[in-house]
Amino acid sequence: MKLFSKSDIGCKREENQDRVWFGPLGDGAVGVLLCDGMGGENEGSLASQLAIDFLRERLVKGYRRELNSNAIKNLLLTAFNGANSLVFRRAHESSTARGMGTTCVGAVIVSRRIHVMNVGDSRLYHISGEQIQQITRDHTYVRKLIDDGQLTEEESLTHPDRNCITRAIGAADYITPDYFEFELKNDSILLFCSDGLHSYGDDGKIADIIVNNPINKVCDKLISYALNKGGNDNISVCIAKI
């Protein structure tokens, strides 16, 4: 497996509040984490850093070869809940930290099987051939409007509240992450990204960049694409090629 990542502050932000990590968990398994912090001044950075440090430690210490699929799901769920409690507690320790939180998409990849958990609108895409599929579902206000039939996908792209998150680590004392699990094909490519890429880009163009560039250049190309689209937010990507 080949993994690459890159994070960029973008053109409009004063600070990069995204955090990305990937690394070995032992016995050939790999962990991937991507967080996009929310909050005034540097509080979003604090939320994403607290979350990714906690999650990384739990995954590295908790993963073992003998874990079955249900046990890996529980490992991710326990890690997410623990990170939520930590960030929520820190958010209520001072008035300036109130409201801070972070999105997160995290995965454990074992051989050709991936276990994914997410909260918020940081995404996982699966690319096979020239086809791209969004695996995670955004926890956003506009996603709810779409699901309720009150908004179309096209209308959501310009909706004034399209960046309104309905679930985030640290935003409430309890969270309900989504979980996905599936087999990977021989030609599978995984894209983990923050909304700094997907909110301002087109899925078809993103797939085109991924399949038509050397895998070690893809992160740079995706960041450049988002910057050329305006770079209105921090941009973070992680690519895994099976």
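Okay, so let's start with I169. Leaving aside its neighbours within four places in sequence, I169 is in contact with A51, L55, F80, A83, N84, V87, G101, T102, C104, V119 and I175. Keep in mind that this is a predicted model.

Now, which residues of α2 are buried? They're I72, L75, L76, A79, F80, G82, A83, N84, L86, V87 and A91. If you look at the spacing in that list, here's a handy bit of background: an α-helix has 3.6 residues a turn, so residues three or four places apart point the same way. As for what they pack against, the buried residues of α2 meet α1, β4, β5 and β8.

Okay, moving over to the sheet. Five strands form an open sheet in the order β1-β10-β9-β6-β7, and the pairing is antiparallel. The edge strands are β1 and β7, each pairing on one side only. From one strand to the next, the twist averages 15°.

Zooming in on one pair, β6 and β9 are joined over 5 bridges. For example, H126 has L190 in β9 as its bridge partner. Then there are helices on this sheet. Helix α6 packs on it, touching β6, β7, β9 and β10, and its direction makes about 60° with that of β6. Helix α7 packs on the sheet too, touching β1, β9 and β10, with its direction at about 150° to that of β10.

Last stop is S194, in the loop between β9 and α5. Is S194 buried or exposed? It counts as buried, because its relative accessibility is 0%, and the cut-off for buried is under 20%. Leaving aside neighbours within four places in sequence, S194 is in contact with D18, L34, D36, S122, N234, I235 and S236.

Key:
Residues numbered from 1 in each chain as written. Predicted model: local features only at pLDDT ≥ 70, side-chain atom pairs only at ≥ 80, totals over all residues. Heavy atoms only, no water. Helix = DSSP H or I, 4+ residues; strand = E, 2+ residues; numbered from the N terminus. Buried < 20%, exposed > 50% of the residue type's maximum accessible area, 1.4 Å probe, protein only. Contact = heavy atoms within 4.5 Å. Pairing = 2+ DSSP bridges. Axes fitted to C-alpha atoms, helices over the stretch in contact; angles between N-to-C directions.
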